[in-house]
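Keep the viewer open and follow along.

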Amino acid sequence: MAINTSNSNVATRENRIGSITGYVGTLKDLASKSECGTLKGCARCFSQSSTCLSMCGLSQLAGIRDVAIIHHGPAGCSVTSAGSYYMSRVMAKKRGVTSSTVYVGTDMNENDTIFGSTATLREVILEVNKRYSPKAIFVSSSCATGIIGEDIDSIVDDVREEVGVPIVAVHCEGFKSRIWATGFDISDHAVLQGIVQPPREGVKTNKINFKNFFESARPEIIEMFKQFDLDPVFLYCNSTVEELSHLSESIATTCICGTLGNYLGNALEEQYGVPYVRSINQCGIVGFETWLREIGKVTGRSEKIEKYIEEQRAIYIPQIEEIKKELKGLTAVLGMGPGYTFEVSRVLDELGIKVVWALAWHYDKKYEDGNVPPSMKYLLDNDIDFEASVADQQNYEVMNILNKYKPDMYLSRHPGSTVWAIKNGTPAIYVADEYMIFGYKHTLEFAKTIVDAIKNRSFEENLAKRSKLPYTDWWYKQNVDTFLEEVK
Amino acid sequence: MAKLLDKQRYKCALGAMQSVQAITRALPILHSGPGCAQKLSESIGSSGYFSPNIFPCTSINEKDVVFGGVKKLNSTIENALKVVDADLYVVLTGCIPEIVGDDSGEVVSRFEDSDKPVIYAPTAGFKGNNYKGHEQVVDAIVEQYLKKSEKKQKGLVNIWADVPYQDLFWLGNLRELEKLVSELGLIPNTIFGYNRGIENINKIPEAEFNLLVSPWVGLNNMKKMERKLGIPYLHYKTLPIGATETGKFLREVGKFAGVDEQKVENVIKEHEDYYYYLIERYADLFLENRVINKQFTLVADAQYALGITKFLANDLGLVPAKQFVVDDTPKNRREEITAEFKNLNFGLEAEVSFETDGYKIHEEIKNHDYHGYPLILGGYYEKELTESLKGNFLNISYPVQDKVVLDDSYVGYTGGIRLIEDIYTVAVQRFN
């Protein structure tokens with residue numbers, strides 16, 4: 001579909017690419033229904049807290065160095081600013097750079113909900129610009145400002161000339177999408193709208209855009225890409241506005257997580273002809289090799305990449321084969337965003353671990369290019385099937401499943417989730433770092449981590465023995481889809 | 001009026017979900033957007049019996065904004081009662097239902113006859129910050145759950161202090177306050193933390209008095225309880241830290257409760273003997289290091305700004321530079337809190353500014369002459385600033401990134417010693 005950067009509003013994932021947040025069945029059923037277009041998601045008449053899209057969207061933008069985020073709303077919305085301040089300082093320090101990114105709120109009160117506060121917002125923008133001279137300014141709405149109709153677009157247009165740096169309105173009303181990943185799209189949209197410039201004439205580059213979260217594997221990826229004569233530009237953590245302005249000149253875009261990178265990758269391709277590397281992700285052996293080969297194809301570097309694969313296989317495959325012996329026959333349940341669930345399922349299969357149930361927090365029927373996500377296609381093509389649900393981070397559903405299946409491990413990627421598996425007595429592996437299963441080396445480490453986690457269950461047993469679970473017996477006797485309702 | 005909130009140090013009223021969470025087996029039910037709970041929590045002891053991802057939430061969407069979310073609230077409460085095992089269910093409303101006009105109170109009233117109590121606190125984000133939200137939660141308990149008791153338990157005193165989770169030391173502080181009060185022969189009753197809960201809430205009306213240890217948070221609750229439950233209160237503004245302030249605290253509580261004066265003095269003497277045994281042994285460190293200068297600044301909520309200022313001035317003999325209170329203290333409370341800052345030993349007076357704009361605070365700190373290395377106790381925002389001034393920094397107030405606290409406390413005699421340990425742990429890491 002066409003990406004329209006002339007409008008500051010991004011259509012939600014639900015409306016744009018038919019994403020859903022409620023489903024219980026099997027992987028094959030989910031996939032075949034998506035392919036033929038008959039998949040209809042369900043809603044819940046009972047739910048537990050999940051995530052706000054503004055947190056995803058604005059935290060991404062706040063990772064950019066030396067910018068200002070102005071979050072127009074009550075103090076609870078902008079509370080992310082405290083975490084963002086910490087992140088921008090420690091991440092810059094780790095990289096050996098500095099960041100003076102600021103994230104401020106407007107502490108909107110009851111009067112403002114009646115009389116509006118765009119005049120104050122205007123002053124706040126100008127004052128922040130004066131105090132910090134940011135390289136770009138992002139002005140975000142919230143649920144409250146969205147509902148009362150604060151026109152942040154007009155304010156932004158109004159001050160644009162005066163501030164003299166790129167300034168973008170960012171629409172982050174938390175109620176507008178059940179899918180927090182819409183926040184990733186919102187941040188990409190803002191960057192595309194306000195910062196990315198058309199390619200300069202005559203600039204030749206070997207840069208490749210690399211969309212990730214927190215760049216923990218940055219040094220080793222730079223080293224690897226050097227061998228292919230590629231220079232990765234990591235986004236958005238520690239990015240500079242200058243770097244972002246030239247994203248259109250890169251020879252390709254790739255990402256660590258399809259959910260995270262899909263919007264930017266497709267938009268850069270559509271608007272500037274920068275090819276987007278469409279592949280399963282870098283987790284596991286097949287994933288890593290498929291991804292590298294796709295990069296080779298897209299950037300014309302296949303020969304160098306084949307050589308690299310051969311060398312690395314010789315080092316790592318025997319070691320991975322060895323550790324697989326210890327994993328054989330283990331069972332797993334996993335709960336992650338769809339960008340990881342269907343990738344990690346593949347890796348577990350590769351390692352000989354049986355996936356008994358996979359929960360994806362949401363599910364994108366199709367990506368912007370109109371195709372089923374590659375991770376899903378791979379599982380189907382390889383005849384891998386298991387029970388699956390789309391669970392919107394609903395912890396009670398996870399616990400119901402863990403209680404029924406009693407797997408050897410639970411793998412999760414989101415804060416606050418692993419502790420519940422442990423209280424259930426299930427060892428949990430927190431796959432937080434997006435590079436935890438990256439390539440041969442980290443796949444090996446991942447496998448070893450699983451062995452360690454399974455081997456010593458002391459902590460799980462100690463805690464499980466002494467803690468009472470908060471769910472009633474009634475709930476454990478119900479089917480996991482008890483509260484799902486057909487969407488009318 | 002909206003304002004520039006630069007270096008934010010509080011949350012919105014819905015942050016009071018953490019006050020509910022601090023009551024064992026009390027469950028917040030959020031009538032809000034899907035992500036409010038996650039935003040308003042952090043990994044500081046939040047994975048207890050309930051955690052934010054257990055909190056039922058109506059997860060309001062676009063349709064609910066247009067058509068109202070009353071039906072969803074009803075089904076969420078109804079099913080929460082079936083799925084989650086709690087003693088008390090507290091419905092908290094966020095911004096959206098209050099703007100679009102959902103009658104949440106009416107929905108909650110439909111559950112009056114359920115087996116477990118369901119109450120409701122309006123905590124829309126724009127109604128105030130989480131200090132105010134905390135008061136709303138206590139108010140809801142008093143108004144909707146408690147009844148006046150004719151029966152009083154001799155010596156029973158309800159103790160109230162600052163806001164759980166917002167105050168990193170809330171658990172340890174409450175326990176230490178309980179300990180001090182029980183040493184006077186009184187029976188403390190608190191509702192937050194381990195082994196407290198609905199039974200303690202049930203005991204509230206039987207108390208002889210309420211003891212509020214906070215500059216302002218909770219004062220409205222005390223007044224409400226006085227009116228509705230007939231419980232008198234003692235408002236003690238200064239969080240007692242160290243020997244001097246804890247002695248004053250014990251004397252005043254003892255006097256209010258009619259405890260024998262000699263008994264109070266005996267308690268104080270026993271603590272002071274040990275306290276000064278420790279201080280005496282470490283006095284050389286305090287006197288002969290090259291980095292802790294006399295002048296200090298607090299950037300904290302009213303509770304710690306006042307409590308620690310008094311401790312550092314009256315116990316350790318340091319001299320207050322300007323102090324910053326960052327909790328958006330209600331205007332009508334500021335005067336009496338300011339007066340407390342001016343009530344220090346040797347006629348010392350601390351200048352205090354009620355300021356929520358962190359940029360202005362930093363400018364003032366940068367421009368102040370500390371005649372030596374500044375000692376700054378504040379939020380994580382002050383870390384980089386203090387480093388740039390070659391000063392000494394201790395992270396004691398929100399946001400906290402420098403310290404993990406399970407049940408440590410900055411209250412009483414032991415709390416004073418803990419704070420000294422923390423300050424000098426920073427100091428000994430450098431020579432000059």
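How many bridges join strand E1 (residues 26-31) of chain B to E2(B), and do they run parallel or antiparallel? Six bridges do the joining, and E1(B) and E2(B) run parallel. Bear in mind throughout that this is a predicted model.

## Strand E2 of chain B

Strand E2 (residues 88-93) of chain B is largely enclosed by the rest of the structure, because six of its six residues are buried. In a regular strand, side chains alternate between the two faces of the sheet. In E2(B), Leu88(B), Val90(B) and Leu92(B) point one way, Tyr89(B), Val91(B) and Thr93(B) point the other way, and all are buried.

What does Tyr89(B) contact, once its neighbours within four places in sequence are left aside? The list is Leu27(B), Ile29(B), Ile77(B), Ala80(B), Leu81(B), Lys116(B), Pro117(B) and Val118(B).

Tyr89(B) and Val90(B) also turn up among the residues with the most contacts inside the largest nonpolar core, as does Leu27(B). As a general point, nonpolar side chains in soluble globular proteins tend to be buried together.

## Chain B as a whole

Chain B has 17 helices and 13 strands. Its C-alpha trace spans about 65 × 50 × 35 Å along the principal axes. The radius of gyration is 22 Å, which agrees with a compact globule, because one of 432 residues would have a value near 22 Å.

Of those 432 residues, 56% count as buried. Looking at contacts in chain B between residues at least 6 apart in sequence, 72% join residues at least 24 apart.

## Where the chains meet

The contact takes 60 residues from chain A and 58 residues from chain B. On the chain A side, the elements giving two or more residues include helix H5 (110-115), helix H6 (118-132) and helix H17 (395-405), along with strand E4 (102-105). The largest share, six residues, comes from H4(A). By class, that side of chain A has 29 nonpolar, 22 polar and nine charged residues.

## A buried loop residue in chain A

Thr101(A) lies in the loop between H4 and E4 of chain A. Is it buried or exposed? Thr101(A) counts as buried, because it has 25 C-beta neighbours inside 10 Å.

Thr101(A) and Asp66(A) are 35 residues apart along the chain, yet their C-alpha atoms are separated by 4.2 Å. Not counting residues up to four places away in sequence, Thr101(A) touches Ala62(A), Ile64(A), Arg65(A), Asp66(A), Val67(A) and Ser88(A).

## A mixed sheet in chain A

Chain A has an open sheet of six strands in the order E1-E12-E11-E10-E13-E14, with mixed pairing. Strand E1 (23-26) and strand E14 (428-430) of chain A are the edges, each pairing on one side only. From one strand to the next, the twist averages 15 degrees.

Within this sheet, strand E11 (residues 354-360) and strand E12 (residues 387-390) of chain A run parallel and are joined by four bridges. Trp357(A) has Glu387(A) in E12(A) as its bridge partner.

How values were computed: Residues are numbered from 1 along each chain as its sequence is written. Chains are lettered from A and ligands numbered from 1 in the order in which they are written. This is a predicted model: local features need pLDDT of at least 70, side-chain atom pairs count only at pLDDT 80 or more; totals for chains, interfaces and linings use all residues. Two strands pair if DSSP finds at least two bridges between them. Axes are lines fitted to C-alpha atoms, for helices over the stretch in contact, and angles run from 0 to 180 degrees between N-to-C directions. Two residues are in contact if their C-beta atoms, placed from the backbone, lie within 7 Å. Ala, Val, Leu, Ile, Met, Phe, Trp, Tyr, Cys and Pro count as nonpolar, Asp, Glu, Lys and Arg as charged, and the others, Gly among them, as polar. A nonpolar core is a set of buried Ala, Val, Leu, Ile, Met, Phe, Trp, Tyr and Cys residues joined through C-beta atoms within 7 Å. A residue is buried if 20 or more other C-beta atoms lie within 10 Å of its own, exposed if 12 or fewer, and partly exposed in between; C-beta atoms are placed from the backbone. The radius of gyration is taken over C-alpha atoms; the globule rule is 2.2 Å times the number of residues to the power 0.38.
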